[in-house]
2 protein chains.
Amino acid sequence: MARQARALATRQAVLLAAAEVFDERGYAAATMSEILDRAGVTKGALYFHFRSKEELALAVIEGQGAWLATWQPSSDSPVQTLIDLGYAFAHALQDDPLVRGSIRLTIEHGSFTQPQIAAYQGWSDVARGLLERARDAGDLHPGVDLAAAAGVITGAVTGIQLSSQVLTDRRDLIQRMADLWTLVLPGLVQPHALARLSVAERVPS
Amino acid sequence: MARQARALATRQAVLLAAAEVFDERGYAAATMSEILDRAGVTKGALYFHFRSKEELALAVIEGQGAWLATWQPSSDSPVQTLIDLGYAFAHALQDDPLVRGSIRLTIEHGSFTQPQIAAYQGWSDVARGLLERARDAGDLHPGVDLAAAAGVITGAVTGIQLSSQVLTDRRDLIQRMADLWTLVLPGLVQPHALARLSVAERVPS
DNA sequence: GGTAGAATACCTACTGGACGGTATGCGGCC
DNA sequence: GGCCGCATACCGTCCAGTAGGTATTCTACC
């Protein structure tokens, strides 16, 4: 077990370094050498754990699903949960290198096509599920197309995150999320439900 | 003039081929050889017109500003103009290789940082200007933060376009734009103005 | 209106370097 | 002493960019 622990540590170091470099440079511009340097690992070690650059990238992308899997709904109303999820994700984007790298690789379509689709679908499905629960609770406007709304919200979060990254290195991401909800919620939820929601971030005390 | 005509033709051929390759592969993964092949031009010709790969990419990015510059407002209400602009842009993304390549390079931050910021700002400014006119016309809800709304709309369009590209190669982009406006407009414009807007695409007869 | 010569526009062949990936060797824990 | 986990050295490929020559077209003068 002890020697497996060492192996796991280097594997994690490689994964973290790869996520950072992929986040900063993108897949094609990222070089194995830089990943090696940053991980403090040699080529042999890396290629022992990952058979190719692409396999390494896929492992980084996995980090996104892992984050979403560990996320716990905030037990409130479904719409509030969706809002909170957005903020939690925003903070992960600001702080968690693995999530950052994963998102950049997801957004950068090209070399590998399948996992990106899965990632987008994953987010859209989560949003859709929450919206369904909200509709069943009578919180939404009657005519709302759930699939369409889920798609728009997923896409909008993607784009807002991107523009925030380009313009302010994600410093104003939280504010932009609040702006999004302010603009979108009136078209989604009924006034009585809107009154119970907190659009701004609810900091866990 | 005649010599300029020939030169201009090869320059355009290079620009078009570059936009296509950048669109398909991204900046780093795009190779000059592929651009040369597709343009049917030799290296010497290309490097006569563009001094480096980066300069070529910048020229492609310019295409976006050029498109926006040639665009003519549809003389309606400001909000309707904004909606129409979205659809016009969507069609350009589906059909115009230069716009496609330009957008991909804009979204792909990294190597060159300045022009992307300018591009985002350009779109945001246009949206902001139209929203200001809409507010002055009394179409918007009183408390709307114009800058925030413009930023959200710009970002949302960016993201929707991206997810549509990844999921369906932009085939459902028009539909997603309609979904966006359906969701966003109620939080933006007052009911009396909303009634006069056509959210779905207005095909010019 | 024909021609010299000067730009302009383009072509071919090449280079140095970096990149992803591999072959092989070796130390240390079981 | 065997195998897991890594280290080192190396390889073939490909890439952006350049050097230097050649063709094409414009300008100017007769």
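Let me begin with the surface near DNA strand C, where helix 2 (32–39) and helix 3 (43–49) of chain A, together with helix 1 (2–25) and helix 3 (43–49) of chain B, each supply at least two residues. By near I mean that a heavy atom of the residue lies within 4 Å of the strand, and the helices are DSSP runs (H or I, at least four residues) numbered from the N terminus. This is a predicted model, in which local features need pLDDT of at least 70 and side-chain atom pairs count only at pLDDT 80 or more, while totals for chains, interfaces and linings use all residues. Residues are numbered from 1 along each chain as its sequence is written, chains are lettered from A and ligands numbered from 1 in the order in which they are written, and side-chain values use heavy atoms, with hydrogens and water left out.

Staying with the DNA, the largest share of this surface, 5 residues, comes from helix 3 of chain B. Of the 19 residues around DNA strand C, those that come nearest are A:K43, A:K53, B:T10, B:T42 and B:H49.

Turning to the protein interface, 34 residues of chain A are in contact (heavy atoms within 4.5 Å) with 34 residues of chain B. The area buried between them, meaning the accessible area (1.4 Å probe) lost on being put together and summed over both, is about 2,800 Å², and carbon and sulfur atoms give 75% of that area. A:H109, A:V166 and A:L183 supply 24% of the area that chain A buries against chain B, more than any other three residues.

How many salt bridges does the rule find across this interface? The number is 0, where a salt bridge is a side-chain nitrogen of Lys or Arg within 4 Å of a carboxyl oxygen of Asp or Glu. On the side of chain A that touches chain B, the largest share, 15 residues, comes from helix 8 of chain A.

Methods. Buried area is the accessible area (1.4 Å probe) that two parts lose on being put together, summed over both.
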